[in-house]
Amino acid sequence: MMTANNNRVVLTLLASLLLATGCQSKYQPIETSAAQLNGPLASLHQPGSQGAGQQDADSVSSKGGPFGPMEQSSVSAAGTGNDSTAAASAESTGPAGTAVDAETAASAGTTAAAETVPQDTAAPEFTAADETVYVTGSDVNVRSSYSTSSEIVATLNTGASVKRTGYNGEWSRVIYQGKECYIASAYLSAEEPERQAVVQPAAAEGEVRLNPDWKYAEFSEINSGAAMLYRADGEKRKGITVCVNAGHGTKGGSSVKTLCHPDGSQKVTGGSTAAGATTATAVSGGMTFSDGTPEPKVTLALALKLKAKLLDAGYDVLMIRESDDVQLDNIARTVIANNAADCHIALHWDSTTNNKGAFYMSVPNNSAYRNMEPVKSHWQQHNALGESLIGGLRDAGVKIFSNGAMEMDLTQTSYSTVPSVDIELGDKASDYSDATLDTLAKGLLAGVNAFFGQ
Ligand SMILES: [Zn+2]
């Protein structure tokens with residue numbers, strides 16, 4: 001765990017430069033995807049970086065990295081009274097796939113200032129702005145306020161765009177998913193990174209297996225199988241990877257137990273595993289539809305339809321399962337999604353029998369649960385994705401249960417570090433004809449589009 005380097009880098013010069021370049025209106029904004037371009041690709045190359053590599057003003061490593069201090073030479077690093085370190089600047093890292101991360105965004109040798117710099121809690125002045133800016137680093141934090149102690153609303157990767165409404169030396173006020181948030185100015189640039197330059201060929205389509213070095217991988221018990229990554233074709237490729245997880249379909253999964261929570265704490269809601277339990281079925285077998293059809297067959301049929309629609313729309317797709325059996329438990333599926341995708345959608349039907357409609361499993365409003373990592377840093381993203389998916393389904397004419405959400409403490413949610421949702425498309429009595437599955441896939445695609453601002 002890194003301690004915050006309480007160095008301040010005054011980026012007035014950079015801010016002026018950004019202002020001077022103005023809004024690059026010739027570029028098509030690519031909106032606030034949590035995922036542009038090298039997000040998942042970088043993750044594949046940086047096992048275990050998820051969660052630990054998030055950056056903003058406080059997460060700058062002292063290691064230095066290949067870029068050295070660069071423009072930091074022109075900035076003051078001490079005594080300016082704030083807890084924020086603006087690291088390697090956007091301009092200096094350039095568009096060529098060399099975006100800063102927690103290791104490379106360093107301001108070498110400035111950690112000594114940490115103890116001497118007082119916290120500044122006074123509200124800073126923000127200069128008004130109205131421009132589209134682009135994220136220039138990996139896992140850049142979007143915060144609820146202009147402080148590194150404020151809540152992390154989301155993390156963004158290179159190329160994600162936001163509207164900037166104001167800035168000061170270290171913080172930019174931005175509009176993210178309709179809300180006013182803050183991002184360290186050092187990770188924003190008015191210039192859109194070049195897309196092709198950051199696409200890394202090593203992440204070509206193919207199998208993705210659980211890397212034992214990935215965060216939480218050790219909690220998985222069944223992980224000899226492989227997910228499959230598909231890339232969208234050329235021009236329309238968005239550089240956003242959606243993990244499609246056809247629920248269930250792991251032989252032997254119901255006789256193996258895994259920890260409900262990575263910290264070993266008790267489940268806070270009942271469900272297929274009761275509240276208070278600390279272990280749950282690694283992957284359950286799923287329910288059986290009223291007509292005798294097993295749930296895993298239907299989740300797979302929908303997953304394949306959704307895959308086709310997502311690829312056609314330009315999304316890369318990480319398929320957890322494309323046959324009746326994949327030897328990946330819920331934790332393995334989740335950790336693979338964490339490291340190789342920008343969101344994780346698990347498809348299910350519920351075990352009730354009244355055709356009650358679709359809903360998503362929202363993050364329980366339970367303070368212990370919402371304060372447990374990685375839930376703490378990601379629960380809002382999970383719920384935002386769920387709301388987007390329900391919105392898409394509703395617009396497609398799908399029947400929605402109640403308000404479309406049901407609080408549930410799930411293994412998937414408890415280990416997810418990317419926006420992640422278990423969505424129940426209906427129940428045992430629901431129709432799952434080809435036409436209905438088409439409609440569901442269409443609604444889910446619309447929800448994904450809405451979530452990523454596409
Ligand atoms: Zn299910």
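Predicted model: local features only at pLDDT ≥ 70, side-chain atom pairs only at ≥ 80, totals over all residues.

User: Which residue in strand 16 is the bridge partner of Ala358?
Analyst: Strand 15 (residues 358–362) pairs with strand 16 in the parallel sense, over 4 bridges. Ala358 takes part in this pairing, and its bridge partner in strand 16 is Ile400.

User: What is the strand order of the open sheet of 8 strands?
Analyst: The sheet is open and its pairing is mixed. Its edge strands are strand 8 (206–209) and strand 16 (400–407), each of which pairs on one side only. Neighbouring strands are turned against each other by 25° on average, direction ignored. The order is 8-9-13-10-14-17-15-16.

User: How many nonpolar residues does the contact of helix 5 with helix 10 have?
Analyst: The crossing of the two helices is right-handed. From helix 5, the residues that meet helix 10 include Leu302, Leu306 and Leu310, while those on the helix 10 side include Leu437, Leu444 and Val448. Lys305 and Asp438 are also among the contacting residues. By class, the contact has no polar residues, 4 charged residues and, as the number requested, 11 nonpolar residues.

User: Which residue of strand 6 does Val174 stand opposite?
Analyst: Strand 4 (residues 161–167) and strand 5 pair in the antiparallel sense over 4 bridges, and there Val174 is the bridge partner of Arg164. Strand 5 also pairs with strand 6 (residues 179–184), again in the antiparallel sense, over 6 bridges. In strand 6, Val174 stands opposite Cys181.

User: Which residue in the hairpin of strand 5 and strand 6 takes a positive phi?
Analyst: A hairpin through 3 residues joins strand 4 to strand 5. The hairpin of strand 5 and strand 6 has 2 residues between the strands. In this latter hairpin, the residue with a positive phi, near 45°, is Gln177.

User: Why is strand 5 largely enclosed by the rest of the structure?
Analyst: A residue counts as buried if 20 or more other C-beta atoms lie within 10 Å of its own. Strand 5 spans residues 171–176 and has 6 residues. It is largely enclosed because the number of these that are buried is 5.

User: Is Ala332 buried or exposed?
Analyst: Ala332 lies in helix 6 (residues 330–340). Leaving aside residues up to four places away in sequence, it touches Leu210, Ser220, Ile222 and Asn223. Because 31 other C-beta atoms lie within 10 Å, Ala332 is buried.

User: What percentage of the residues of the chain count as buried?
Analyst: The secondary structure of the chain comes to 10 helices and 17 strands. Among contacts with a separation of 6 or more, 82% are between residues 24 or more positions apart. Of the 454 residues, the share that count as buried is 55%.

Conventions. Residues numbered from 1 in each chain as written. Buried ≥ 20, exposed ≤ 12 C-beta atoms within 10 Å, placed from the backbone. Contact = placed C-beta atoms within 7 Å. Left-handed = near helix turned anticlockwise from the far one by under 90°. Nonpolar A, V, L, I, M, F, W, Y, C, P; charged D, E, K, R; others polar. Pairing = 2+ DSSP bridges. Axes fitted to C-alpha atoms, helices over the stretch in contact; angles between N-to-C directions.
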